[in-house]
Amino acid sequence: MNQAIRSAWVVAIGMFALVLGSLTFVQFFQAEELTGNPWNSRQLYQEFGRQRGALLVDGRAIAESVPSSDQFNYRRVYNEPELYAHLTGYYSLSLGSSQLELAETEILSGTDSSLFYDRVVRLFSGVDAQGANVELTIDPEIQRLAFDLIPEGQRGSIVVLEPSTGNILAMVSKPTYDPNLLAGHDTGVIAENAAALSEQPGLSFYTNPATESLVSPGSVFKLIDAAAALESGRYDAESQIPNPPALEFPGIEYALPNFVAGGCASRPTADLEFALEQSCNTAFAQIALDLGEEAIQEQAARFGFGETFTIPTDVVASSFPSDLSEPELAQSSVGQFDTRVTPLQMAMVAAAIANDGQLMKPQLVKSIRAADLELIESPQPELMQQSVSQETADQLTDWMVNVVDNGTATGAQVPGVAVAGKTGTAEFSDVGDNAWFTGFAPADDPQVAISIVMENVDIPTGQQLTSPSAKRLIEAVLNR
Amino acid sequence: MSDVLTVPRSRRTIELFLLLLALAVAVGANYLAGIGREEPFGDYFWSQAITLGIMSLFIHVILRVKAKYADPVILPIVVALNGVGLAMIHRLDLSAAQVNPDFVQVAPQQVLWTAVAMGSAAILLIVLRDHRILRRFTYISLIVSAILLLLPLTPLGLEINGARIWISVGFGTFQPGEIAKITLAIFFAGYLSTNRDLILLAGKKIGPLQLPRFRDLAPMAAAWLVSIGVLIFQRDLGSSILFFGLFMVMIYVATSRVSWVLIGLAMIGVGVFVALELFSHVALRFDSWINAFAPEVYDRAPGGSAQVVQGLFGLANGGLIGTGLGAGRPDLVTYANSDMIIAALGEELGLIGVVAIVMLYVLLVSRGIRAALGTKDGFGKLLACGLSFTIALQCFVVIGGITRLIPLTGLTTPFMSAGGSSLLANWLIVALILLISETARRPAPSAPMKDSFPEALGVSGKPKKSAKETTR
């Protein structure tokens, strides 16, 4: 009988050997593959279980993690969600994250290498790991004002920069959304909310229109033509440019007209000051045809066109088209055809002219602070490139002041302050026009550069929503 | 029958030392499980520590008095397993309470069950002087088994998650099948040790196989019927496998005939085939084993593979060294504190920790087998071997199921899973194995056996120095 008992023991040991083998297989050899499985939510839980840092505006949290009583330890909450939605983005269990939540995720989650020392200290002091906070350059009052200046239901963006530093004081877009809808812990509800948001006309909630939507600039692009003209050395304040009511091209039907109701018709030739003041298409088209496609392209590039960069969220590249026929070049040079810019790009053009031709890199982050608010890092103003010479910048400033004083942007006048500006209207036959204002103030000591775009509006509404809004913003910045 | 050499020393002091070690592991694990989630040294901490400490020392003292030659390793192993199980159940309670403040904690009840189970084991040790007495109850055991197995089918029975294996007793639920495991083992040990010679000598020989007579197949048929009956009427695949494994190993040990094992395996084959054809739940289990990672199988309800797949994720998350107690997410696995407790332990203690636990089972089973080898009576051999093998088989079915070696079946991990009936039954098994090991290790009298053993040991009750014996 004992021999049989020994055999039974051998079988038992064999069974144990099998389970030890399969445990080893699962926990050692298969572990990596299982950890990467899309159904494995443990990594997510770990990430979402940590207290994530806050996004701060003037010391107040616009996005923060608060303790939650569900299976995750914390819940992401957005304060004044619609005002800041396009800046914060969302931090979602099932949709991933976007905007600052994405760009600063290593800082916020505390895994960034700059927080290494902090982590070591926490390890030994036994305090739970915590992410660092990110403080924004945004001025909450300017941000709120800019937000209110875009009427509900209007699609548009406003960007307010500090020319000398590149700090972004306000950046708003409408339509907007509530990121709290995407930040819950119920993936079913998130999916429902995301589907509902996708239905909203004009809204793509995963992008920031001010940095990621490309729109036709219309006449504000003429600032770049004027800069190219001056930088070429072939034009100066005295140059007279033919200014016909319409520019015709040999062999084709198309003709590029000046704005019929505008002041351009009063002069058959124009100097640059007048052409800018009245925004004469034919004059600038002829400059572009004279200088050539490359010259315009190069000048645009020196203002930041053709380059993607981060602020630290992604900014898509604005573009001036290439391989153009003469009519196409003429149209492109007045901001039509395939010329596409982000609202931020046009604020950068104004800021570079304001800052003696020096283009400062736009920046959304003022400082990184540890959980106890101790300063860890503070990004310094960074020169992106010299866009135009100081002389060109001065000349352009004078002309832009003239535009506000006597030209198309009189709505932006602020008593006692020299405001420099340029308006634009990009025309589309089907959906209405894009109305633009870009400019800065005060002209002699620029404190603020502004870019405003209202999309799909009729011309009177567009004028009403651009230059006067610029005036309000300039006053607000100068009075803070 | 055997040539195992036994040194007749009591080794109770070694048991005490190992017991303190086991208690340190159990209480330490319980403390670590609560760190950062509750006040240290709370009520539960003390109730676990005191219950385990007092009850295990109580059993230790009983062994010193009543069965001083019992195996010294078994009790500490079981205390360690039970204690680590309690710690993990408590740790999972804390996670559940975090999500749902109204959650009724499982661990305090499990501590109560531990006290009941260890108390019952102690009473069994006191009341039952010698395991051979149980042989008198061979046929009574059969009747008791039948009653226990039929109880869930009476109006007392409860159906939970599709299996009808529970009955409701005043303060909660009970699985009579767990106790039936023991009574059936007693019946089979009694029946086979009595009729062994008859079964062995009769029958035709075909080639190398000695086939049993048809009438001697009766117990085998009974075993098969019980297993299939449990499967059909109670829908409990795990218990069914366990019962059949128990009968197989006992018949094999009684007869030493491979032919019996082959016949048994053939019958299992028929049973499995019939079950697959007839019962959707068995077929679904099979499918979610083979195709666990197919999306439609993963999400299927009921019978989806989400539980086993989540268990695998937990094990993978633990990796080699584990996340540490309280630092993983074993609560993501359904039934983490009962059927899937090995996945929870694997996640937080790592491969190293879970291998240590498996090694404890290996030792426990080996000591049980050792008792079977050492004891002189066929009844004791069959009983110890059958019960020990059952523990091994249960570990294999549970851990194999969790690691996807075999299909997952709902079975408890002995001593660790939450659940009172299983804990009670396993502690009773431990008491029986301890008693059998006592007869195995006790120095045999050199003179012809007298009325009682103590006299044979000499006047002082201590073994004679020269009493090195070869036991059979």
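Biologist: In this predicted model, which residues does Ala8(A) touch, not counting residues up to four places away in sequence?
Modeller: Contact requires C-beta atoms, placed from the backbone, within 7 Å. Local features need pLDDT of at least 70, side-chain atom pairs count only at pLDDT 80 or more, and totals for chains, interfaces and linings use all residues; residues are numbered from 1 along each chain as its sequence is written, with chains lettered from A and ligands numbered from 1 in the order in which they are written. On that basis, Ala8(A) touches Val249(B), Tyr252(B), Val253(B), Ile369(B), Cys385(B) and Phe389(B).

Biologist: Which residues have the most contacts inside the largest nonpolar core?
Modeller: Such a core joins buried Ala, Val, Leu, Ile, Met, Phe, Trp, Tyr and Cys residues through C-beta atoms within 7 Å, buried meaning 20 or more other C-beta atoms within 10 Å of a residue's own. The largest has 147 residues, and those with the most contacts are Ala8(A) and Met250(B).

Biologist: Which helix gives the largest share of this core?
Modeller: Helices are DSSP runs (H or I, at least four residues), numbered from the N terminus. The largest share, 18 residues, comes from residues 341–374 of chain B, helix H13.

Biologist: Which element gives the largest share of the side of chain A that touches chain B?
Modeller: In total, 32 residues of chain A are in contact with 43 residues of chain B. Helices H1 (2–29), H2 (31–35) and H3 (42–48) of chain A each give two or more residues to this side. The largest share, 19 residues, comes from H1(A).

Biologist: Why is H14(B) described as largely enclosed by the rest of the structure?
Modeller: Helix H14 of chain B covers residues 378–402. It is largely enclosed because the buried residues number 24 of the 25.

Definitions and conventions:
Expected span 1.5 Å × (residues − 1). Buried ≥ 20, exposed ≤ 12 C-beta atoms within 10 Å, placed from the backbone. Contact = placed C-beta atoms within 7 Å.
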